[in-house]
Amino acid sequence: MKPRGQAGGSQTSGGKIPVNRRSHRAFSSSSPLRLFLIHGGSRTVTPHSARSKSKSKMTPCETCCHSASPSTPTLVPDPHHYLALLDKRCATMRDLRILHAQLVKTGLSRRTLPASRALAFCASPSGDIDYAWRLFSRTRRPNLFIWNTMIRGLSRSSTPEDAISLFIDMLVGSPIEPQRLTYPSVFKAYSQLGLARSGAQLHGRIVKLGLQDDPFIRNTVVHMYAHCGFLEEARLVFDGSSDCDVVAWNSMIMGLAKWGEIDEARRLFDQAPLRNAITWSSMTSGYVRNGRFVDAMKLFEEMQERGIEPNEFTLVSLLNASAHLGALKQGQWVHEYIKKSGTQLNLIVNTAIIDMYCRCGSIGKAYQVFRVATKKGLSCWNSMILGLARNGYAEEAIGLFSQLESSDFKPDEVSFLGVLTACNHAGFIDEATKYLLLMMERPEVKLSIKHYSCMVDLLGRAGFLEEAEELIRSMPMDPDAIIWGSLLSGSANHGKADMAERAAKNMIKLDPNESCAYVLMSNVLAGSNQHEEALEPRFSMKMRKIEKEPGASLIEVEGEVHEFVAGGRLHPRVEEIYCLLDELRLILQDVG
């Protein structure tokens, strides 16, 4: 097991952990926790008047850290007071450090129960995993609870591989054998790391020990396989149990949806004997992840009909679906529901609302949400900058980017993509060049092909085609089909047949089934009076059985989204639509 970081204090002799003295001093001397420590944390054999006289000569800090001497009364530690504090009054690491100082001072830190309670808090989401590791490493004979607590805390941390290392240490060097509650945290660590193949070896141990039917272990095994894309293995474990609970069903539905098996996920969803909020949320987000936005909205309608209250994650998925569909009324309804239901407006929810309004073209409402948001993270700034840029408010987007640079946040890759998009739409070549050079000066900001593609598109639109092609060839990464498509589009618009042909060949090489390259190349050749050559791209499309993807559009009518495809006749009211088109055609002919 590799050592954890030593932040928050240094190792001292005697195996004791020093208190973080800066936090200790900063703690108010009149706080309820300190007063409880002073008056109720210990019992003394001397009268109360003697205790009061002794305390009156010490500062609050000395009261906590004062060592017993021949002239001071002997204190008999009462563990029940400290256990009560750990259970009911300890809410932050500052509280824990003060309590731990008392445990060390009174010698209670050497007792298993107080030490395990302190470790449990440090290993919790409210604690400090590095401090927990220091507590664990100084425990002489950790029991099963302490081992399990530390492994569980590490599996939730940013370094879940440490949980696996500690589990191996437990197997190899400890007299304590892992039990049924040990394994779920290890499987969770394998899941976090995407190491299902390695986790399968531990699964084999579980089968040998006869623990495969334990519901906690089974659920984490199913989740590990499904989360990592081992769907067949997940299904074998899932189908091999006759009493899978809702947690196992949810893991299978999430895994199938995550890895593109959305129809199979829906089939399993329909078969689920019990559904909770996570089941509905998993299916809704699965539809959104797979681009099935209309299905996501239909599923939400089903939720409403059944009287099921959507949770925060479902609402965010619905906002994303509304954004991609351009369904403003649906998105507004979700926003109103969030306000009325009292759903917490955290960073994720605020960002989703801003993004929805921006994508639906309601930039004023998006900015209103952005302006009044109390929890405004970098993602909110980025969504607003991109929204302004995409809706034609280039100068406003650049101005907001300048405000971001003056704020407590630092622009990241997405922030720069937003401001480059604004420059692209407005044709600001000099400003875009400035931002691109600024990115290169900041090593923490990673230039991606999206930034270069935005710059190439801007140069191509403005007719600086040689510069655009030179930029593509000077990139530190290989160009993709999208960036060659930008150059092809610019060449076609400016009648540069030779450059268009080079761009089209590179585009076809990277994506042979993309019809855009063939169509644009044919149009360029035809526009330069090379009619025979213009037939070759069309002939290649026919030989390769490549069909041009038909255009499609979405409209929202009375809160319902309708999709139309060029030449399509799948809409349920297609006959009425075509009759109306025929009537309009006759009216236009009469008008002349």
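**Overview of the chain**

The chain exposes about 31700 Å², of which carbon and sulfur atoms supply 53%. The model is a predicted one. It comprises 592 residues, and 44% of them count as buried. The chain has 33 helices and four strands.

**Contacts and the nonpolar core**

- Among the contacts in the chain with a separation of 6 or more, 61% are between residues 24 or more positions apart.
- The largest nonpolar core has 150 residues, and Leu 96, Met 150 and Met 384 touch the most other members.
- Met 384 is in contact with Ile 354, Cys 358, Ile 363, Ala 366, Tyr 367, Phe 370 and Leu 400, leaving aside its neighbours within four places in sequence.

**Salt bridges**

- Side chains of opposite charge can pair when their charged atoms come close.
- The count of salt bridges in the model comes to 19.
- One of them joins Glu 302 and Arg 266, whose closest N and O atoms are 3.4 Å apart. This pair links distant parts of the chain, since Glu 302 belongs to helix 18 (residues 293-305) and Arg 266 to helix 16 (residues 262-271), 36 residues apart. Both Glu 302 and Arg 266 are buried.
- Glu 336 forms a salt bridge with Lys 339, with 3.0 Å between the closest N and O atoms. Both residues lie in helix 20 (residues 328-341), three residues apart, or about one turn of the helix. Glu 336 is partly exposed, at a relative accessible area of 35%, and Lys 339 is partly exposed at 47%.
- Arg 359 forms a salt bridge with Asp 355, and their closest N and O atoms are 3.0 Å apart. Helix 21 (residues 347-359) holds both Arg 359 and Asp 355, which are four residues apart, about one turn of the helix. Arg 359 is partly exposed, with a relative accessible area of 39%, whereas Asp 355 has 16% relative accessibility and therefore counts as buried.
- Salt bridges that share partners join Arg 235, Asp 239, Glu 264 and Arg 267 into one network.

**Helix 31**

- Helix 31 (residues 515-527) has 13 residues and reaches 18 Å from its first C-alpha to its last, close to the 18 Å expected at 1.5 Å a residue.
- Its buried residues are Ser 515, Ala 517, Tyr 518, Val 519, Met 521, Ser 522, Val 524 and Leu 525.

- Arg 94 is placed in helix 6 (residues 93-106). With a relative accessible area of 39%, Arg 94 is partly exposed.
- Arg 94 and Gly 127 are 33 residues apart along the chain, and their C-alpha atoms are separated by 9.6 Å.
- His 203 lies in helix 12 (residues 196-209). The relative accessible area of His 203 is 16%, so this residue is buried.
- Not counting residues up to four places away in sequence, His 203 touches Phe 187, Val 221, Tyr 225 and Val 237.

**A nonpolar surface patch**

- Leu 580, Leu 581, Leu 584, Ile 587 and Val 591 make a nonpolar surface patch of about 480 Å².
- Val 591 has its place in helix 33 (residues 574-591). Val 591 counts as exposed because its relative accessibility is 70%.

Key:
Residues are numbered from 1 along each chain as its sequence is written. This is a predicted model: local features need pLDDT of at least 70, side-chain atom pairs count only at pLDDT 80 or more; totals for chains, interfaces and linings use all residues. Side-chain values use heavy atoms; hydrogens and water are left out. Patches are made of residues with over 30% relative accessible area and no salt bridge: like charges are joined within 9 Å, nonpolar side chains (Val, Leu, Ile, Met, Phe, Trp, Tyr) within 5 Å. Accessible areas come from the Shrake-Rupley method with a 1.4 Å probe; for residues, only the protein chains shown count as cover. A salt bridge is a side-chain nitrogen of Lys or Arg within 4 Å of a carboxyl oxygen of Asp or Glu. Helices (H or I, at least four residues) and strands (E, at least two) are DSSP runs, numbered from the N terminus. Buried means under 20% relative accessible area, exposed over 50%, partly exposed in between (1.4 Å probe, protein chains only). Contact means heavy atoms within 4.5 Å. The expected span of a helix is 1.5 Å times one less than its number of residues. A nonpolar core is a set of buried Ala, Val, Leu, Ile, Met, Phe, Trp, Tyr and Cys residues joined through side-chain atoms within 4.5 Å.
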